[in-house]
Each structure stands twice: as C-alpha cells, then as structure tokens.
Amino acid sequence: MKEVMNFGTLIRFLREEQNLTQVELAKFLLIDNTTLSKIENNVDEPSSSVFETIMEYFGLSPKETYEYWIMAKSVKVYTAIRALENRMSEGDYTEAEDIILKLENTKHFKNRLALQYLLGTKASVWIEKGIESTKIVGLLREALSITRNPFEESEIGKYRLSYREISSIIRLAVAYWNLAEKERGIKILLSLKESIEKSYISKQERMRSLPKIYCNLISWLGQESDYENALGLCKEAKELFVKYDTLTFLADIYWSWGNILAYQDKKEQCNEILTYAYYQYISTNRESEANRLKLDSKEDFGYIIPYCPNCN
C-alpha cells in the first residue's frame with residue numbers, strides 16, 4: 001500500500017511512460033522544473049490542484065485519482081470511499097447518503113478535489129431518491145464552482161473539463177430539463193459535446209460521457225419534434241463510436257434512433273433499428289438492456305424483436 005501512496009514515484013512513472021521531460025510537464029502545469037523535481041523525488045507533496053491536473057493529463061479516471069489522494073491522507077477515509085462506491089453500485093442510496101454525511105465532516109474532505117467528489121456523488125444520490133430538481137441544480141452548481149468560479153454555462157464550450165465536471169454538467173442539464181427549462185438543458189449538452197474533444201480525459205472516460213450526452217440530446221430533440229437534428233446526431237454518434245471502436249455504446253444510440261423514427265411514424269425503419277440495437281446489446285453482453293428494449297418495443301410500439309440465430 002505504501003507504494004500506492006507515493007505520489008512522486010507515481011508521477012515520475014507516468015511522465016516517463018509518455019516520454020515527457022520534467023521541463024515539458026512542468027511547463028504544462030505552470031510550475032517550475034525545480035518544484036516538479038522535488039515532487040517526483042518525494043521531497044515535497046503536490047497540492048491537490050497540481051495532483052488533480054497531472055492525473056487528468058495522463059488520463060487516469062476520477063476514481064483512481066481519489067483513491068491515490070485519499071489513501072495518502074487516511075486509510076480510514078479511503079476505506080469509507082470504497083464502501084460508498086459499493087453502496088452506489090448496489091443502489092443502496094440511503095446508506096450511501098449516510099456515508100457522505102460522515103465524510104463531509106472529515107478534515108481530509110476539506111480540499112476542493114475531495115469536496116467536489118462528495119457534492120457530485122450526493123447529487124447522484126438525490127437524483128435517485130427523487131429530490132426536487134431545484135435542490136439538485138443548486139448542489140451541482142456549487143460543485144462546479146469549486147473548480148470554475150464563477151461557473152458560467154455560456155463558457156462550457158471553452159472549458160477544458162475533467163471527467164467529474166463533465167458528469168456534473170450532464171446531471172445539471174437533466175435537472176434543468178426536468179424543471180421544464182428544456183432549451184437550457186439542450187444548449188448545455190450541445191456546448192458540452194463540443195468541449196469534450198479538448199478536455200484532458202482518457203478515451204475510456206470520453207466514451208463513457210458521450211453516449212449519455214448523445215442519448216439525452218436525441219431524446220430531447222425528438223420530444224421537441226426537431227427530428228432532423230435528432231437524426232443528424234444519431235448518424236454523428238454512430239460514426240464517432242465506430243471511429244473510436246467503442247461498439248459497446250452503439251446499441252444505446254440505435255435505441256434512441258429507433259425512438260425518433262417511431263415519433264415520425266416510420267414503423268418499418270424503426271423496427272429495423274430496434275432489432276440492430278437488441279442484438280448489439282446481446283453481442284456486447286448487456287442482456288439486461290436487451291431485455292428491457294425487447295419489453296419496451298412490444299409495449300410502446302407493438303413490435304416483437306425477431307429471433308435471429310446468426311445474430312448472437
């Protein structure tokens with residue numbers, strides 16, 4: 001465990017793996033080379049903001065970043081974080097909220113990295129528990145203001161966002177949509193889509209974010225009868241996911257695509273796309289989504305997904 005806690009060794013390993021010199025990395029971080037050298041040699045500990053930027057630059061996920069940081073501060077808090085993650089994945093949001101309340105009163109969660117994490121996680125809990133959207137908006141704006149002060153929706157397209165900021169902005173757009181501020185929600189996601197291409201996140205994190213953005217946008221534009229732009233986004237997303245070779249998420253787009261065609265009363269095309277979606281889910285071992293699609297297709301459109309022995 002001590003090796004994991006050693007920031008300097010980790011940073012030097014990541015830098016050398018990317019064939020970067022200390023001078024190049026220090027220039028990006030806006031610190032001098034001497035400071036970076038002391039960090040890498042474990043003479044000095046990086047500030048939370050410097051450590052966060054380094055992790056994002058090298059494409060580490062938020063979860064990995066928090067684990068490195070918290071383990072170095074307190075094994076007890078690190079253990080609580082793991083318990084929180086487990087409760088969230090199990091859908092035990094009451095217990096998750098209890099853990100969050102305890103962590104909020106822990107001194108190690110006073111730095112902005114940890115606090116923003118807790119606020120974002122709390123927003124997720126509130127969403128799942130059905131807390132009113134106005135409170136969720138306030139919580140998410142507070143979280144985003146920690147690193148973007150002041151947080152300006154009009155500037156989203158210009159920001160270089162971290163993965164957790166992207167996740168919070170997606171939740172913010174959904175909250176506005178639920179508050180019937182539909183145009184605002186759509187505008188936020190369109191700006192976010194453009195911002196992601198220049199954000200310091202890994203391909204894996206980018207591909208975890210984009211399906212949520214595209215699927216929400218396609219659904220919302222369809223509900224607003226903007227079928228032309230909705231279908232344009234379907235085609236754009238398909239090309240993007242094929243390009244990045246992330247076909248796991250292609251079924252989500254096909255499902256949204258099928259719904260748009262249903263809105264247009266294009267039954268034959270809708271059935272064809274929904275069949276593609278179903279077998280794409282099956283081929284990527286997402287059976288729960290496949291079963292839900294099959295049920296929804298029958299209940300919503302009266303369409304029964306045909307058996308295809310050669311499609312598995």
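Q: How many aromatic pairs turn up in a search of the whole structure, and what counts as one?
A: Rings of Phe, Tyr and Trp (for Trp, the six-membered ring) pair if their centres lie within 6.5 Å; planes under 30 degrees apart are stacked, over 60 edge-to-face, and the rest tilted. Here the search finds 8 aromatic pairs. Before going on: this is a predicted model, with local features needing pLDDT of at least 70 and side-chain atom pairs counted only at pLDDT 80 or more, while totals for chains, interfaces and linings use all residues. Residues are numbered from 1 along each chain as its sequence is written, and side-chain values use heavy atoms, with hydrogens and water left out.

Q: Okay, take tyrosine 214 and phenylalanine 241: which geometry is that pair?
A: Check the angle between the planes and the distance between the centres. The planes of tyrosine 214 and phenylalanine 241 stand at 85 degrees, with 6.2 Å between ring centres, so this pair is edge-to-face. The pair also links distant parts of the chain: tyrosine 214 belongs to helix H13 (residues 203-223) and phenylalanine 241 to helix H14 (residues 227-243), 27 residues apart. Helices here are DSSP runs (H or I, at least four residues), strands are E runs of at least two, and both are numbered from the N terminus.

Q: Which helices does the pair of tryptophan 255 and tyrosine 281 link?
A: First the geometry: the rings of tryptophan 255 and tyrosine 281 are 6.1 Å apart centre to centre, with 80 degrees between the planes, which is edge-to-face. Tryptophan 255 lies in helix H15 (residues 250-263) and tyrosine 281 in helix H16 (residues 267-283), 26 residues apart. Both tryptophan 255 and tyrosine 281 are buried. Ring pairs also join Tyr254, Trp257 and Tyr276 into a cluster.

Q: Which residues touch the most other members of the largest nonpolar core?
A: The general idea is that in soluble globular proteins, nonpolar side chains tend to be buried together. A nonpolar core is a set of buried Ala, Val, Leu, Ile, Met, Phe, Trp, Tyr and Cys residues joined through side-chain atoms within 4.5 Å. In the largest one, with 78 residues, Leu84, Leu192, Tyr214 and Phe241 touch the most other members. Apart from this core lies another, of 15 residues, including Phe7, Val50, Ile54 and Met55.

Q: What covers the buried residues of H14?
A: Look at contacts, meaning heavy atoms within 4.5 Å. The cover includes helix H12 (182-196), H13 and H15. The residues being covered are Ala230, Leu231, Leu233, Cys234, Ala237, Leu240 and Phe241. Just after H14, aspartate 245 has a positive phi of about 55 degrees.

Q: How far apart are the end C-alpha atoms of H16?
A: Compare with the expected span, 1.5 Å times one less than the number of residues. For the 17 residues of H16 that gives 24 Å, and the end C-alpha atoms are 24 Å apart, so the two agree. The cover over its buried residues includes H15 and helix H17 (287-301). After H16 comes asparagine 285, with a positive phi near 60 degrees.

Q: Which ring does arginine 148 lie over?
A: A charge sits over a ring if NZ of Lys or CZ of Arg is within 6 Å of the ring centre and within 35 degrees of the ring normal. Arginine 148 lies over the face of tyrosine 159, at 4.7 Å from the ring centre. Its place is in the loop between helix H10 (133-147) and helix H11 (163-178).

Q: Where does arginine 15 lie, and is it buried or exposed?
A: Arginine 15 is in helix H2 (residues 7-17). Its relative accessible area is 8%, so arginine 15 is buried. Beyond its neighbours within four places in sequence, arginine 15 contacts Leu20, Thr21, Gln22, Leu25, Glu40 and Phe58.

Note on methods: Buried < 20%, exposed > 50% of the residue type's maximum accessible area, 1.4 Å probe, protein only.
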